[in-house]
Amino acid sequence: MSMALFTKRLAKELSDLKINPPVGIEIEEAETFKSWKLNLDGVDGTLYAGERFALEFRFSPNYPMESPEVVFVGNIPIHPHIYSNGHICLNVLYNQWSPVLSVRSICLSIQSMLSSCTCKEPPPDNSHYIRTARSSPKLTQWSFHDDSV
Amino acid sequence: MSESEEDMYDSYKSTDEEQELDLDEDEDEIFVEEDDTELNFTDVVAERNRKKNYEVEFNVHSVEGIVKSQDDEIIHVSNILGIQKQHAATLLRHFRWNKERLIERYMDDSGSVLKTAGVITDDSRVPKFMKVYGFVCDICCDDDNDLNTLALSCGHRFCRNCYEHYLTQKIKEEGESRRIMCMASNCNVIVDEKTIELAVSPEIHSRYRTLLNRTYVDDNEYLRWCPAPSCEYAVECHVPNTSLTRIVPTVECFCCHRFCFGCGLPDHQPSICMLVRKWVKKCEDDSETANWISAHTKECGKCHSTIEKNGGCNHMTCRKCKYEFCWVCMGPWSEHGTSWYNCNRYDEKSSQDARDQQAKSRASLERYLHYYNRFANHEQSAKLDRELYNKTEKKMEEMQQTSDLSWIEVQFLKKAVDILVQCRMTLKWTYAFAFYLVRNNQTEIFEDNQRDLEMAVEQLSELLEKPIEAEKITELKQEVLNKTVYVGSRREVLLEDTAKGLSEGRWEFQGFEELHE
Ligand SMILES: [Zn+2]
Ligand SMILES: [Zn+2]
Ligand SMILES: [Zn+2]
Ligand SMILES: [Zn+2]
Ligand SMILES: [Zn+2]
Ligand SMILES: [Zn+2]
């Protein structure tokens, strides 16, 4: 995989995020093209209003042909699709990834996933999952039963 | 193909007209043997096709055969449905090569079939490279005017470089071949095989073809790769997974490897797959070793060192802390007073319970070891038989130089060793079979057959160990040939009985409640 595509894409995404940041999303740290940290604010009028979370993105040199690894770090939102170790059950991060998607679109998907939540509850299998999951969520065999929450 | 391979191929060849997959091309082979002039044609066919209870029909296919059968299926479906070949291929892969289901569904509602499979059959939109004025690639953000671009029939257009990177990533890194989708988000249109060939390097394309062949066999319930290392043949056998409690489908590849079509493990007749899995796990399980230790050793009541009893006397002294106790009741020796070597505390309740527990575990362990030792013994002996053959072969070579024996004359030994080893494998698995078998008057025949085969095998094995003298070679040869035939027939009798019993549900296995509802 050519380094050119990988760095060119991330440089472009970074400048776009800086020039035109989406509401409630802010770059915390993007010193390298290996990993970035972004802050994500809960949207007003939703269950997460007033809360701030942090997302960590890790990129492989195959990005964007391969999806980035995305997890919550620090304050983990309580949500039926977010495990207490920060892993996120969201299909676009895994089998529905497309190279057209970006850091921005991932942040927006996660923000909307939080906003549409009607009941602050951890996933039913949380305790089992965090005991057995590998460190990268990309190594989990996800099954996506419910995209509506 | 050698003559013997051809022979084998013929004898297992299926003539079932209903067979869904007929991958073989040499349809015009006829089962007539010239010497069988006294039999008419139908008799010969009936004779050759009457298979034994423990045998199944199967075919062996080379990679070329696998490729060809995919092509045939694709052309067939492409003609029936009137769609281009690459689309027929995508549909077949989506339906895991279940052609009948595909055609039925397609006739029913072609629109929804095409949509879920990710196919757009628009002949005006055949993917090809082109330069598009003012185009910006959404992935790499390149906007050069002479950028080569490609769009699938869905119309999502990206640059050639991005396509090549993407396909290379999918094929080389992710091992994907069957369902590589359009790069656009939420578009499930499949990159067809023609487009892939257009966009990737020859090296990646050949990897792609290999992956397609692999999934073709993996997706097909009636095909399985030969598990022998670096063997590239696949075996076709029409025994469904649901029959594996009643049949042990054993096949033999062109490479001579015999294996179970149901689970892929080496030939394990007469044991069914389920029983084999359980037995292998039991043997691997460390708890069996732990059981052995608990049955043969005891812990010192004071310092907890492990003490193994190796003599008859019950007065034990711990080597480490010098604590003296009674092996029978485990109580301190000092409390035994004058009864000395005759423990009279044996009937006390606490001693009794401890012993009951110990006795139970010992009995079940001894039962297991009885079968396990015989199982392991045949495995070991088969190795020794092979070694013996190698030694004998060397000796024969020497003899050929001093006498007028020819190479062909010593081949009977090789054949004998092959049969011997095969019989030992069968015998080996009869002990796993017997371990789980619930004994009743039906099982007596099995036990008799097992004993007969065991005896025949040991006789042949002994015969092969005899020193070979050049002047007695004709005698020895006759004797070995007779015994070899006999051993083979004992194996056949045993396998016939066990296979028949399986198909009739005559056997009851303990610990397999799922088999007897
Ligand atoms: Zn591009
Ligand atoms: Zn598309
Ligand atoms: Zn093979
Ligand atoms: Zn098996
Ligand atoms: Zn001691
Ligand atoms: Zn005693």
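In this predicted model, A:Val70 sits in strand β4 (residues 69–73) of chain A. A:Val70 counts as buried because its relative accessibility is 2%, and buried means under 20%. Leaving aside neighbours within four places in sequence, A:Val70 is in contact with A:Leu55, A:Glu56, A:Phe57, A:Ile88, A:Leu93, A:Ile106, A:Ile110 and A:Pro137. A:Cys107 is 37 residues from A:Val70 along the chain. The C-alpha atoms of these two residues are separated by 9.7 Å.

Chain B has 517 residues, of which 42% are buried. Chain B contains 15 helices and 12 strands. Contacts between residues at least 6 apart in sequence were also examined in chain B. Of these contacts, 58% join residues at least 24 apart.

Chain B also supplies the protein donors of the zinc ion (ligand 1). These donors are the SG atoms of B:Cys137, B:Cys140, B:Cys159 and B:Cys162. They lie 2.2 to 2.4 Å from the zinc ion. Along the chain, the donors follow the spacing C-x2-C-x18-C-x2-C. B:Cys137 lies in the loop between β2 (130–131) and β3 (148–151) of chain B, while B:Cys159 lies in strand β4 (residues 157–159) of chain B, so the pair ties together parts that are 22 residues apart in sequence. Both B:Cys137 and B:Cys159 are buried. The ideal angle for four tetrahedral donors is 109.5 degrees.

Empty space was examined next. Rolling a probe the size of a water molecule over the atoms shows where such space is left. Two cavities of 30 Å³ or more were counted. The largest cavity holds about 130 Å³ of space. It is lined by 17 residues, and those closest to its centre are B:His87, B:Ile120, B:Pro127, B:Ser153 and B:Asp192. Its lining divides into seven nonpolar, six polar and four charged residues.

The second largest cavity holds about 40 Å³. Its lining consists of B:Thr90, B:Arg93, B:Ser177, B:Arg178, B:Ile190, B:Val191, B:Asp192, B:Glu193 and B:Tyr208. By class, three of these residues are nonpolar, two are polar and four are charged.

Pockets are open, unlike cavities. The second largest pocket has a volume of about 820 Å³. It is lined by 28 residues. Nearest its centre lie A:Tyr94, A:Asn95, A:Gln96, B:Lys170 and B:Glu174. The lining of this pocket has 13 nonpolar, nine polar and six charged residues.

Key. Residues numbered from 1 in each chain as written. Chains lettered and ligands numbered in written order. Predicted model: local features only at pLDDT ≥ 70, side-chain atom pairs only at ≥ 80, totals over all residues. Heavy atoms only, no water. 1 Å grid on protein atoms, 1.4 Å probe; cavity = no way out; pocket = protein on both sides within 12 Å on 5 of 7 lines; lining within 4 Å. Points joined across faces, edges and corners; volume = space filled by probe spheres on them. Nonpolar A, V, L, I, M, F, W, Y, C, P; charged D, E, K, R; others polar. Donors = N, O, S within 2.8 Å, 3.2 Å for Na, K, Ca; no water. Helix = DSSP H or I, 4+ residues; strand = E, 2+ residues; numbered from the N terminus. Buried < 20%, exposed > 50% of the residue type's maximum accessible area, 1.4 Å probe, protein only. Contact = heavy atoms within 4.5 Å.
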